[in-house]
Amino acid sequence: MVDHVLPIVMWMIAAVLLNRFVNWSSARVTARIDAQFAHSDSLVRTESAKHQHALIQVISWVAIAVVYLVAAYNVVHALGVPISALVAPATVIGAAVGFGAQRVVQDLLAGFFLITEKQYGFGDVIELTITANATASGTVEDVTLRVTKLRNADGEVITVPNGQILKATNLSKDWARAVIDIPVPLGVDMGRVNELLHRVGERAFTDPLLSTLLLDEPTLMGVESIDVDHVNLRMVARTLPGKQFEVGRNLRARIVRALATLGIAVDATARDGGDPTTGPVPTRSEDKR
């Protein structure tokens, strides 16, 4: 009893305790990273913080896997099973599993390069192309060597195996851009419209709330396209990472109100792909002059 059962029980208890310790340590480190962001003046996480958060998740996942593998090996050894006798069966089983587990190996390799290349990290807003016609978008909540977990605008958690990702589009790395297309009727005075939209960009950049999200003044690019009954004007604005959706909503509201003073009713649409993370955010009312 002492020679066989007790070592097995001890190894199982040790594996459970080490698992909890790894999870506790990982939670502490990530909480410290989150606390630094919460107490700072930054509106978005730094790229270093996002990568550290993702790296901690991967390290804890690998550490837990190693703990259970070592515990399993010692349990087998404590049972008195000769390890050398398992080499031949393990080779056959390993070959069979290898053919069936190619996708798992592919996921692990893809996850390794995903982390080392810093393609995205915890808190990034991304869009993943899984097949030619299927995409998944949302905020990164968890990254391991095998899967990436996203939370979309409906609150659903999407789990994507890393090996199935064909293309990763990071919408919140370094900086972002809000693109707003404004359809204007052909009969209007384009000079007055351009002047009015330039004022909208200037007033947005001096707004105390919006200026914290903008990296430079919104720019009117001019006529983007001409249709049968209207002309499309385009305005672009460089923003902090992940803030292009909020800035786009705010600018569209300002543009609609400004053009209404000329008697022009428009439905300004953005080409920034919509917000994959949240619903509409209330915008700050602009003082009329």
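Q: What makes the contact between Asp216 and Arg238 a salt bridge?
A: In this predicted model, the N-to-O distance between the two side chains is 3.1 Å. The cut-off is within 4 Å for a side-chain nitrogen of Lys or Arg and a carboxyl oxygen of Asp or Glu, so the pair qualifies. Asp216 sits in the loop between helix 5 and strand 7 and Arg238 in strand 8, so the bridge ties together parts that are 22 residues apart in sequence.

Q: Why is Asp216 called partly exposed?
A: Its relative accessibility is 27%. Buried means under 20% and exposed means over 50%, so Asp216 falls in between. Arg238, at 28%, is partly exposed too.

Q: What makes Glu141 and Arg151 a salt bridge?
A: Their closest N and O atoms are 2.6 Å apart, and the limit is within 4 Å, so the pair counts. Glu141 belongs to strand 2 and Arg151 to strand 3, so parts 10 residues apart in sequence get tied together.

Q: How do you know that Arg234 and Asp181 form a salt bridge?
A: The N-to-O value is 2.7 Å, and the rule asks for within 4 Å, so they pass.

Definitions and conventions. Residues are numbered from 1 along each chain as its sequence is written. This is a predicted model: local features need pLDDT of at least 70, side-chain atom pairs count only at pLDDT 80 or more; totals for chains, interfaces and linings use all residues. Side-chain values use heavy atoms; hydrogens and water are left out. Helices (H or I, at least four residues) and strands (E, at least two) are DSSP runs, numbered from the N terminus. Buried means under 20% relative accessible area, exposed over 50%, partly exposed in between (1.4 Å probe, protein chains only).
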